[in-house]
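Trainee: I would like a close look at a single part of this model. Please take me through it step by step.

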Amino acid sequence: ELFVQYLATHSYKHGRGKEKNALTYSDLSHTAEECETFQFLADILPKKILASKYLKMLEKEKRDGEVGEDDEEDEEEDDEDETVVEDVGS
């Protein structure tokens, strides 16, 4: 109970709570991200983002993942080629 009170008070004082006279989710998430004491809450209180931005992020990760997989396959083929060359040379 005291911890939640401390988190709320700290977020209110260091956020926009004084301007709006209210404590908002963004104040809490900003505190969790910026304050070292509360960084363990960053996964629980993530910053809000629009669904469209999230979907774009997922698409980009998927494209990057496909490119990364192609690179890994090329490396495996190169390794196989080197093995064949070594066997032939022996």
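Trainee: Which residues form one aromatic cluster?

Mentor: A caution before the details: this is a predicted model. The aromatic cluster is formed by F3, Y6, F38 and F40. Take it pair by pair. The structure holds three aromatic pairs. In one of them, the ring centres of F3 and F40 are 6.0 Å apart. Their planes meet at 35°, so this pair is tilted. The F3–F40 pair links distant parts of the chain. F3 sits in helix α1, residues 2-14. F40 sits in the loop between α3 (25-34) and α4. The two are 37 residues apart.

Now look at how open these two side chains are. F3 has 38% relative accessibility, so it counts as partly exposed. F40 has a relative accessible area of 55%, so F40 is exposed. The cut-off for exposed is over 50%.

Next, Y6 and F38. Their ring centres lie 5.6 Å apart. The planes are at 35°, so this pair is tilted. It also links distant parts of the chain: Y6 belongs to helix α1, and F38 to the loop between α3 and α4. Here the separation is 32 residues. Y6 is partly exposed, at 46% relative accessibility. F38 is buried, with a relative accessible area of 0%.

The cluster of F3, Y6, F38 and F40 includes residues of helix α1, F3 and Y6. It also includes loop residues, F40 and F38.

Side chains of opposite charge can pair when their charged atoms come close. K47 is partly exposed, at 46%. E33 is partly exposed too, at 37%.

I49, Y54, L55, M57 and L58 make a nonpolar patch of about 470 Å². Among them, Y54 lies in helix α4, residues 51-89. Y54 has 44% relative accessibility and counts as partly exposed.

Definitions and conventions: Residues are numbered from 1 along each chain as its sequence is written. This is a predicted model: local features need pLDDT of at least 70, side-chain atom pairs count only at pLDDT 80 or more; totals for chains, interfaces and linings use all residues. Side-chain values use heavy atoms; hydrogens and water are left out. Patches are made of residues with over 30% relative accessible area and no salt bridge: like charges are joined within 9 Å, nonpolar side chains (Val, Leu, Ile, Met, Phe, Trp, Tyr) within 5 Å. Accessible areas come from the Shrake-Rupley method with a 1.4 Å probe; for residues, only the protein chains shown count as cover. A salt bridge is a side-chain nitrogen of Lys or Arg within 4 Å of a carboxyl oxygen of Asp or Glu. Helices (H or I, at least four residues) and strands (E, at least two) are DSSP runs, numbered from the N terminus. Buried means under 20% relative accessible area, exposed over 50%, partly exposed in between (1.4 Å probe, protein chains only). Rings of Phe, Tyr and Trp (its six-membered ring) pair if their centres lie within 6.5 Å; planes under 30 degrees apart count as stacked, over 60 as edge-to-face and the rest as tilted.
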